[in-house]
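Let's take a walk through the aromatic rings of this model. Have the structure open and follow along.

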Amino acid sequence: MIILDAAVTVYQYYTARETNTILHGSRRLFLSFLGVDFLFILPGSTPNLHRREAKTMKWLVNILALLVLLWFWGGESKYMVYDTSQRMQSGKINVHLVPHSHDDVGWLKTVDQYYTGANNSIRGACVQNVLDSVISALLDDKNRKFIYVEMAFFQRWWNQQSELLKSKVKELVKTGQLEFINGGMCMHDEATPHYIDLIDQTTLGHMFIQGEFGQTPRVGWQIDPFGHSSVQAYLLGAEVGFDSLFFARMDYQDRAKRKIDKTLEVVWRGSKSLGSSSQIFTGIFPRHYDPPDGFTFEINDVSPPIQDDVLLFDYNVEERVNDFVAAAMAQANVTRTNHIMWAMGTDFRYQYAVSWFRQMDKFIHYVNLDGRVNALYSTPSIYTDAKHAANETWPLKTDDFFPYADKVNTYWTGYFTSRPAFKGYVRTMSGYHLAARQLEYFKGRKSSGPNTDALANALALAQHHDAVSGTQRQHVASDYAMRISMGYAQAEKLVASSLAFLTKKTSTSTAMFQQCPLLNITYCPPSEAVLSNGKSLVVVVYNPLGWKREEVVRIPVSSHELIVVDSNGREVESQLVPIFNASLNMRSYHVKAYLGETPSNAPQYWLGFTASLPPLGFSTYIIIISNAETSSTMSTVSTSDKISGETVVVGGGNLKLHFATNQGKLTRYTNDRSLVEGFMEHSYSYYSAYNGTDQASGAYIFRPNATFPIKSQGQGFTIVRGPLMDEVHQELNSWIYQVTRVYKEKEHAEVEFTIGPIPIDDGVGKEVTTQITTALKTNKTFYTDSNGRDFIKRVCDFRTDWELQVNEPVAGNYYPINLGAYVEDGSMELSVLVDRPVGGSSLADGQIELMLHRRLLYDDVKGVGEVLNETVCVLNDCKGLMIQGKYYIRMDPVGDGAKWRRTFGQELYSPVLVAFAQQEGNDWKNEHVSSLSMIDASYSLPNNTAIITLQELESGKLLLRLAHLYEVGEDKDYSIMASVELKKLFPDRRIRRVTEMNLSGNQERGEMERKRLAWKVKSQEEEEEIVRGGGVDSEKLVVELGPMEIRTFFLQLDDHIRMFGSV
């Protein structure tokens, strides 16, 4: 370095004043010219000159410096080498520059359009260019680093590369220049997915990384989801093996307080059951997931680059270094330790990576010459290790980060319900996928033919935070749905062939099974076919759960002259329910919309019968033409205008619902077994959407303007009664139809609703809700689930981490619901479970409110740029979207509701799988296996445990996940250690080896625990003892699970053995 004592005091002093970045008394100036760095030493005190004199002097000094340098070197430019090898330094602020590109796997464009750069009229984004450009830039300088998140994109890119380039990329990964962060197929949403889907999509990505690179991601990077769940922290964070988790979006009030308190970085314990054994260091960015203002360097970005060639105008090294130091000091003032992180990138950046790396090279070089702070290329893993090495005591965070508002009146709680049809489709296909993978294993995975892979990949994409969230554009939603449909088509063939294989008893027995994916719109061709003489309909019902199950199966049929018999020929009690016009009209329109053809003959009845199912197995039922002596029971039908008395009671078992005859309103709930009884009312209303230019309701945002009750328009109601179920049919108006169903052997009410098309001809967007109201005194307190797993306590107008300033009393109290919600007082509790993700709250004591559908007229200006106004079209006839869904209601003595929520909640996620085949005559049992459990005939899983994954991998290993369903203290009987006997789960195969893995199956559990970082936590409460299962004895092969524990295993079994034999 050349040191000059120059007459540049005025220049330096006034530069400092004008940029307002250098402290008074600083007397240093850097110039770098042709590879030589100059430090100008500025003697004496700073003169007090007028600004005009300073500007003149500044100009003169510039000319003087330029003339001196041109004279010294002859005015010749040469290649500049920047020193980017800097490492961390103690005693200085270390600025960790983390280059990244946030690449949505679908949002404004489809996943493939984003990858290839197609449809750029919407947005100029091409992930293929990002990866090409980044790899090239990393190969140019061994000190550069980059992190990548979305394996759906990287896998596409990887498959297209040459072996030579692949070897180079593997070396980049090995040396840490390229690091995979998060590592799932997408950056999933945290409000609307089910935890099993989160595990599956993460596992897909992690196994790809492990298989190709032998690496295990260390860090969670959930920078863009719109709120953050406790399940993300402990399950998709700590249990996956992550050492840290980073995100950007959080409530603006919460962020402001945390910046003051220096609590943007915490240790997060998301599970009260697993406590510190599953905690994770969590960092929240002080702003968004982009760099500080003035440091974005994509082509066409407006940030000034460093111009360090003195032969060119606008030389600005000192100015930009000062900017850098000022931004670093500002961030250091809101965090702990001497390490800060800058996320150097944002959405779809680095399409021309050198434009970023060139500037970062220069900043690292010149900032470190300056010496006030230390800048370095880094990754979140390096940053995490630095934070850990600081030996700091960190604040403790519990519960979650919902709801999220980024400013006043702007709560991101509308997306909890947006696109409810797509949300329902994802949830239905998720449960189907779980069952299909089981059947794939039981048959034996083949290298060719139909499999579950396409459905797994499609569902993985659907967990993206702009997919199942409902915040994508319409053509992107259609693309996601098409991918799932294509995956289902393959899985459906796999299921049919697996059932044919498992039911086959002799070499000559064959069965062609069909399924009914459109059963929700009363369309099922195999069950609707009229049976000719001598033919019968075979119904195989598969139970994917590990315990025995009694389930009412309902299928549409075209004749009333039918009976149901079991595989032994014994008649099974059945009931015929007439299909009403509301269902037939929906069927006709939507079959035409989806299949392009109008169905011929409409079915007349729902045929219902109770299927008794073994654990992890199937039973067979046969529908035959009845004779004169036997037939299914025809339901009795009565209308409210023919009913005498003020009240009518519905329900043939323990549960009774009381309805007011004149209004058709539910008024009372009684349970003869539990002796629970009390007032209950069920109602609908809608919020008119705020349409102001300052902030409208939209795909993301829920901002109600006013609320309007939806009253019945006087059509009355119809009651259907029978031996298996009672129903109350109500048409509230032309666009809301409801069926309240009570099964004789169940103690909950099932509410089936059809909503839509929501009218908007009045120019008002509407957000439709339902309320279940009781007399419980709940003190503004309610509980909602986290991704279908833990339940979290909520209190209206309250946050645990800061004093809430209430500006949206409705939207600000909405929370995501995946499984259900409940309220309780000292004696009773009310639970409501759902069939898909929704938003909900308890805005009044004793009440649970769910938002079921949304149709809006304005965009909320949060990026999607499209109004949430879904339609379904037949030819040129387009109507607003109709939604058919269900929710379930139950009241229990306080403390008893968890048994129903957990058991029935698992049955909701994993419904029975029904397949149909026709046969000639009545010889099915002679030719086929009619009932079979895949586990030991004497065994079933404990009632507090579920199999959430049973999957044969390409390696031949078996991936098994077992989940404890209860939290600690949740239930007096089931919040205890559970035991699962592996030998009885696989009675016909010898288990050669059991290896416990981390949650995503990319490393052994023991190795993960050995590497886990221990964090010091500031907590005033002593932690209760944590209960976890112990090791698996190689002889006994018994797996223990503590409350809320999920354990993952690789099993190596003997070759596949045919498992025949009826139960």
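**Rings and their partners**

Start with Y822, which counts as buried because its relative accessibility is 11% (buried means under 20% relative accessible area, exposed over 50%, partly exposed in between, with a 1.4 Å probe and protein chains only). This is a predicted model, where local features need pLDDT of at least 70 and side-chain atom pairs count only at pLDDT 80 or more, while totals for chains, interfaces and linings use all residues. Residues are numbered from 1 along each chain as its sequence is written, and side-chain values use heavy atoms, with hydrogens and water left out.

Now for the pairs. Rings of Phe, Tyr and Trp (its six-membered ring) pair if their centres lie within 6.5 Å; planes under 30 degrees apart count as stacked, over 60 as edge-to-face and the rest as tilted. That rule gives 54 aromatic pairs. Take F297 and F363: their pair is tilted, with 6.0 Å centre to centre and 40° between the planes. F297 sits in the loop between β10 (280-284) and α10 (317-332) and F363 in helix α11 (residues 354-370), so the pair ties together parts 66 residues apart in sequence. (Helices are DSSP runs of H or I, at least four residues, and strands runs of E, at least two, numbered from the N terminus.) F297 and F363 are both buried.

Back to Y822, which forms an edge-to-face pair with F791, at 5.4 Å centre to centre and 65° between the planes. F791 is in strand β36 (residues 791-795) and Y822 in strand β38 (residues 820-824), 31 residues apart.
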